[in-house]
Amino acid sequence: MLHYKNQILGGATLKPFLIAAVCCFAFSEAGWTGPLAYATTSGGQFGLLDPMSGNFSLIGSTPDTLLGLANSGGNLYALDANGELETINTSTGAVSAIGNTGLKPTVFSGLTTGALFAVDQNWVLWSINPSTAAVSEIGPLENGQAPLPPRGTYGYADSLSGDSNSLYFTLDLWQASPGDVLPSSLYQIDPQTGAVRLVGLTGQEDIAGSVDIGGTLFGFTGDFALPHEIVALNTLTGAASLVAAAPTGFTLYGAAAQTQTPEPAMISLVGLGLLAVCSWRALSVRRSRVSAGLPSSSELRVRTSRSQAATRPE
C-alpha cells in the first residue's frame, strides 16, 4: 500500500496532481489493457469485455439470450434465439426491437462495413436488413461441393464473426458415441455466395463466441470446455492460442468491437483529471508569486481598481 503526504512542489500540494493521475490511469490499474468489445453471455448479461485480460464489466441485463452482436450505422445490433433483431443501448443494456427475421438462428454477427448476417439451424447463411429486419438467403454453407454435416441430434458449438471482407465461422459437432463428429474447425465464408473454405482445426473445444478486433480474431470457449478461455484464432491455419482466462459463471456468446467514441464515464474521468491539473497549475503560480514577495493576481486586480478610482476625475 502506498501512502502520500501533502508534499510540496513549487509551493503547491501534490493532491490535485495525484487526483488527475488516478483518474487517467484508473482503467490501467484495474488491468484493462484494451482493445475493448461489447459482449453478451449465456446468462443474458451485457457488458464491456477486455479480451486481452479477460476482464468483464457488467452494464446491464437483456430479457432474452442474445446469439451475437454487430455494429452497423453507429448502432449496436443483436439477434435473440427467437429471431428478433434488436438494437442495444450501450450505456444501459436496454434493447429496442426492430422486427422479427423469421429465422431460427444459431449465430449472428456482421462485417466491419456494417452488413449483418445470421446462420440458421440448417447451416444456411442469411443477410439481414438493419432497418427492417428483412432477410435474404445467401445459401447453405458448403465446404467445396459438400455441405457441412447436418445438425441432426448432435451437440454443437458454433460462432460467427467478420472483418471487412470475410465472415469466420467456427463449428464443433459431437455425440456421446463415437465422440466428435466434427472437431472444432475454423471456416472462412464468402458473404456474397456463402462459399466456405476450411481454414483448419482450432485444437480447442466448444468455441461458443468470437469477435474480430483490429484484425485479431478472438474466440471464447464455454459450455463443456472448462476452464473457459479466450483464445486468438490464426486465420491462416485455424490454430488457437491462449490469450486469457475468460470470466467464470457464464459463457461469452458473442461480441462486437467497441466504437471509437469515448464512453461518458471516461470523458468525465478525463475532464476531472484536466480540471485537477488546471487547479494545481493556478495554485502553483499563486503560491510562487507570494513566496517571491510578489502580489497575487487577485491583489493586482484590487490594486489596479483602486488606482483607477483614485485617478478618475470628479
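Residues are numbered from 1 along each chain as its sequence is written, and side-chain values rest on heavy atoms, with hydrogens and water left out.

The protein contains 4 helices and 24 strands; helices (H or I, at least four residues) and strands (E, at least two) are DSSP runs, numbered from the N terminus. Of its 314 residues, 43% count as buried, that is, under 20% relative accessible area, against over 50% for exposed and in between for partly exposed (1.4 Å probe, protein chains only). Among contacts (heavy atoms within 4.5 Å) between residues at least 6 apart in sequence, 46% join residues at least 24 apart.

The average pLDDT, the predictor's confidence in each residue from 0 to 100, is 77, and 66% of the residues score at least 70. Residues 1-29 have a pLDDT below 50, and this stretch has 30 contacts in the model beyond near neighbours in sequence. Residues 262-290 also fall below 50, with 32 such contacts. Where pLDDT is low, the predicted coordinates should not be read in detail.

Grid points are joined across faces, edges and corners, and a volume is the space filled by probe spheres set on the points.

The structure holds 1 cavity of 30 Å³ or more, and the volume of the largest cavity is about 30 Å³. Strands E6, E10, E16, E20 and E24 each supply at least two residues of its lining. Among the lining residues are Leu-67, Val-107, Leu-160, Ser-210 and Tyr-253. By class, this lining has 5 nonpolar, 5 polar and no charged residues; Ala, Val, Leu, Ile, Met, Phe, Trp, Tyr, Cys and Pro count as nonpolar, Asp, Glu, Lys and Arg as charged, and the others, Gly among them, as polar.

At least two residues of its lining come from each of E6 (66-72), E10 (105-110), E16 (155-162), E20 (207-213) and E24 (252-257), with E6 giving the largest share, 4 residues. Of the 23 lining residues, Asn-71, Leu-111, Thr-112, Ala-256 and Ala-257 lie nearest the centre of the pocket. The lining comprises 8 nonpolar, 14 polar and 1 charged residues.

Two backbone positions deserve attention. Most residues other than glycine have a negative phi. Ala-133, in the loop between strands E12 (124-128) and E13 (135-140), has a positive phi of about 75°. Ala-133 is buried, with a relative accessible area of 2%.

Asp-206, in the loop between E19 (195-201) and E20, has a positive phi near 60° and is buried at 4% relative accessible area. The backbone nitrogen of Asp-206 lies 3.1 Å from a polar atom of the side chain of Asp-172. Asp-172 belongs to strand E17 (residues 167-174) and is itself buried, with a relative accessible area of 2%.

Technical notes. This is a predicted model: local features need pLDDT of at least 70, side-chain atom pairs count only at pLDDT 80 or more; totals for chains, interfaces and linings use all residues. On a 1 Å grid over the protein atoms alone, a cavity is a set of points where a 1.4 Å probe fits but cannot get out, and a pocket is an open set with protein on both sides within 12 Å along at least five of seven lines; lining residues have an atom within 4 Å of a point. A polar contact is a pair of N or O atoms within 3.5 Å; within protein, one must be able to donate a hydrogen and the other to accept it, and residues adjacent in sequence count only if both atoms are side-chain atoms.
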